[in-house]
Amino acid sequence: MIKHCTFHVDCMNIDIRFSPEAGKGGKFLFLGNEALIRGCLESGVGFIAQYPGTPTSDIGETFKDILEQQPDLNEYIIHHWSVNEAVATSSCAGAAWAGIRALNPMKHVGMNVASDALHAITLAGPNPGALVLVVGSDPGSLGSHHEQNERFFTWMHHTPMIEPHSPQECHDWIKLAFDLSEKYDLPIYFRTSTRSAHSRGEVEIGDFKLPPKKKGEFFRSTDKYCSLPPYAINNHVRLYQRIEKVTKDVHSFGLNKIYPGNARTGIISYGIPFGYSLEALHLLSLDEVPILKLGMTYPLNDDEIVNFIKDLDKVIVVEELEAFLEMNVRAIAQKYRISIPIIGSEVFPKFNEFSTGLVASCIAKITGKNPGTRIQKSQDAFNAYKAKIPSRFPTFCPGCPERAMIMAIKKATHDLADPKTIIAGDIGCYVMGLNPPLRISDFIICMSGGLSAAIGLSKKTTDKIIALIGDSTLMHTGLPVIVDAIANEANVLLVIFDNRWVAMTGHQPPVGKGKIQFEPLLASMGVSWIKTVDPFEVDKTVRMIEDGLKQGGLKVIICQRECALMAKRVYDAERRKLKASGTQYACDKYQVYNCVLCERCTEMLSCPAMRRTRDELTGDTVMSIDEDRCSCCSVCYQVCPHNRIKKTAYNPHLGTKLELRRIEPQ
Amino acid sequence: MTGSTDTRILNVVIVGTAGQGVITLKRLIEFIAAEEDYEGIFGSEMHGLAQREGAISSHCRLQKKKSGNLRDNIFSPIICYGDADLYIGFEPVEVLRNGMFASDKTTFVVNDRTIPPILVTAGKETYPTIDEIRSILIEYSKDPRKVQFLNATELAIKEFDDAQKMNMIMFGFAMATATSILGFRMETCEKVVRRELRDADANIAAIKLGLERAKQLIKK
């Protein structure tokens, strides 16, 4: 029987799934990420550090909640929001070197940043403690700027890789990962995906285990911890010894499993694609096809692979993105002179996310089976009306201060044409400015890649350049780029969105929130032209951008206003509270009257609270504002050249005036 | 416990736009199913970038009793093309966007409040009419009873002064429209809502309102 979490009623608001009260044999529903957190709490984890990034942000949020709900745990467990992934990984290594079990979650592209640190840490090894990395991959780029296959890092660093399929495996295997990390003195690469991290299923849990309460101890060992020749070469030798030991022992971990069958064709898969494969086979009435499900996808053990493939006529490798497993399986087959066809990336796509339907179609193609009429019919039906579906790009929320700033940039530069202006985009909510109809961001590279590229551009073009960056991205990697821009005298206008949250990944507090003041910080770095503006003051913002573009060198505009999602949450709650208590209140309301359809607001703002409908009687196009979605930022009201947006006047006699929360100037 | 021998896999697709409560409803359905001792529960949801007015879809897969034949059970958190039993649509055009999971066996319950994508508002693309969407969906089963629209957002604003309650109205509406798919007991729903959601009284009232509306429509 499954028992469940109790969020708001029992146990004084403690989520019982993460408390010591729930113990061995208890069954609960968990998301993959939640299950691995429970696993950590049963493994004696003492330190967690991460930079937020989908699909791993909620790991940190849940840890923060747990520590808030159960304050006693703070004596045992520390969670950090780190400034970036390299810092987080090294922080975790530090804790591990004090004998602690450390957890380091990151998204797939976070590994690019962490890799520099991780290579040296792997050479050294995390002992006497343990280090487990949770790397959230994202085939299909469902929550990322691209779908890079970061599995190849495991090969380069020699970090054993575990890939779970279900929440139960997330729970069980993360516990194993800590044991392996400790036993083999290697960081363990625990690779989830957007699907496995955010799929919910039943998990049988074990008993809570806390780390020691007393502090750990660091024992000096130049040989082990210093990655510099000659120690680095010795550690490289030691690294091969460690990973070869893991390779030899793989079978004893219980991670790899065969689903038997008598067919002469077999499948090798892992994680979520294993689930697609099994269901696809069932759909094709191919239940006799044996499957080797790999829980450890690096390193592979020769014997395990050979034993599975040696009696088959054909092997199908089902894996998302680049052919990592296929390549390794091929190498083993070649080594043992097994010459059967190994089919993978030549039939399966090397890009985008898989699905049961897609895997079924590919297996059907390979085996000559009919993929079934239902799959075909449903796809045909869908294709018949697909063209009628309007596209829906993510965009700025109603009342987003970033939309207001982007509109001001368009206005100040006459739609980027006069003066000709290049927009250097970056990673954060502001990437959505590149979607139509705004189309503002001329390139996106990586965290702080915008200002970095702007430095080169500014030296080799005569165009004006505006670089965009968020407060959290600025802290992540942006500050060194500012130093570079000043030192190399780049001519760029930098807009910093200070919205007080890491908004894109679900509103984590940026590192240093409330402690770091941007203006004095930038001034001390040598920026001489720094202005702070509320983007809802449209004319002032436009003038400031015009002014900034006329100056030389690096100029900074700090766009200061809280994220509209957070502000509206507070606003709606207050409004309901006032209403419930019977207090009189007034709030602004914006309405469209007799719109002349000049399209100024739709092109400049494209606010989703704005609606275009057709009057059924007259057939005329009517513009309106959805009252429940509008967050009263007033920007459309300020922008309309024909004054067709009216503001319902606030009547002070009504009593309390309710306003969206403003950021008070510091 | 109930001695059920029902090993069918029920596939529910919940779609809408960011912030409408797609994930909340999926979580609720899974917790209710668990409370009613369903043995197979697996489903995927979207977090992160899909926020910010983007399209959101969640798949919820339920099985009362696991089959003795291993390969008859749920292994994938997402549904195969054509295999959805029920769509709960918080936004009409989002049902079409995820249409590849529908077939002749599918029932659709859809909130009629449109959230126009920005290119529609900008006059660059057109949004199909509700009638057009309705006839596309009816085409699957040729059975108009399997396609039900409800003015759930309008009801939520009118009855609860909170457009968000649309999601629970739609849940109630779906339960009464597709009883063989979401056959939960109201007591279980109430118990789980009280445990999992804030503002429980209003949410329960919203579920009941949805149930009633569906019953009225069935009578007609």
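## Sheets of chain A

Strand 16 (residues 464-470) and strand 17 (residues 492-498) of chain A are paired in the parallel sense over 5 bridges, where two strands count as paired if DSSP finds at least two bridges between them, and where helices (H or I, at least four residues) and strands (E, at least two) are DSSP runs numbered from the N terminus. This is a predicted model, in which local features need pLDDT of at least 70 and side-chain atom pairs count only at pLDDT 80 or more, while totals for chains, interfaces and linings use all residues. Residues are numbered from 1 along each chain as its sequence is written, and chains are lettered from A and ligands numbered from 1 in the order in which they are written.

Within the pairing of these two strands, Ile469(A) has Ile496(A) in strand 17 of chain A as its bridge partner. The strands belong to an open sheet of 5 strands of chain A, in the order 15-16-17-19-18 and with parallel pairing. Strand 15 (421-424) and strand 18 (529-533) of chain A each have a single partner strand and stand at the edges, so one side of each is left without a neighbour in the sheet. From one strand to the next, the twist averages 20°. Helix 18 (residues 518-525) of chain A lies across strand 17, strand 18 and strand 19 (554-560) of chain A, and runs at about 170° to strand 18 of chain A; for such angles, axes are lines fitted to C-alpha atoms, for helices over the stretch in contact, and the values run from 0 to 180 degrees between N-to-C directions.

Another open sheet of chain A has 7 strands in the order 3-2-4-5-7-6-12, with mixed pairing. Its edges are strand 3 (78-81) and strand 12 (296-298) of chain A, each with a single partner strand, so one side of each is left without a neighbour in the sheet. Strand 12 of chain A is joined to strand 6 (residues 161-162) of chain A by 2 bridges, and the two run antiparallel; here Met161(A) stands opposite Tyr298(A). Helix 2 (residues 57-69) of chain A lies across strand 2 (45-50), strand 3, strand 4 (101-107) and strand 5 (130-137) of chain A, at about 135° to strand 3 of chain A.

## Domains and cores

| Domain of chain A | Residues |
|---|---|
| domain 1 | 47-197 + 213-252 |
| domain 2 | 256-388 |
| domain 3 | 401-561 |
| domain 4 | 571-657 |

The centres of domain 1 and domain 3 of chain A, taken over C-alpha atoms, are separated by 33 Å. Between them, 12 residues of domain 1 of chain A are in contact with 12 residues of domain 3 of chain A, contact being counted if the C-beta atoms of two residues, placed from the backbone, lie within 7 Å. Helix 2 of chain A gives the most to the side of domain 1 that touches domain 3 of chain A, with 3 residues.

His476(A) has its place in helix 17 (residues 471-487) of chain A. Why does His476(A) count as buried? His476(A) counts as buried because it has 26 C-beta neighbours inside 10 Å, the cut-offs being 20 or more other C-beta atoms within 10 Å for buried, 12 or fewer for exposed, and partly exposed in between, with C-beta atoms placed from the backbone. His476(A) and Val83(A) are 393 residues apart in sequence, yet 5.1 Å apart in space, C-alpha to C-alpha.

The largest nonpolar core has 186 residues, of which Val132(A), Ala177(A), Ile169(B), Met170(B) and Ala174(B) touch the most other members; such a core is a set of buried Ala, Val, Leu, Ile, Met, Phe, Trp, Tyr and Cys residues joined through C-beta atoms within 7 Å. Each of domain 1 and domain 2 of chain A gives at least three residues to this core. Apart from it lies another core of 74 residues, including Leu451(A) and Met610(A).

## Contact between the chains

The contact takes 64 residues from chain A and 55 residues from chain B. Helix 14 (373-385) of chain A provides the largest share of the side of chain A that touches chain B, with 8 residues. Strand 8 (199-204) of chain A pairs with strand 2 (residues 40-44) of chain B in the antiparallel sense over 3 bridges, and Ser199(A) stands opposite Ser44(B) in strand 2 of chain B.

Note on methods:
Domains from an automatic or database assignment.
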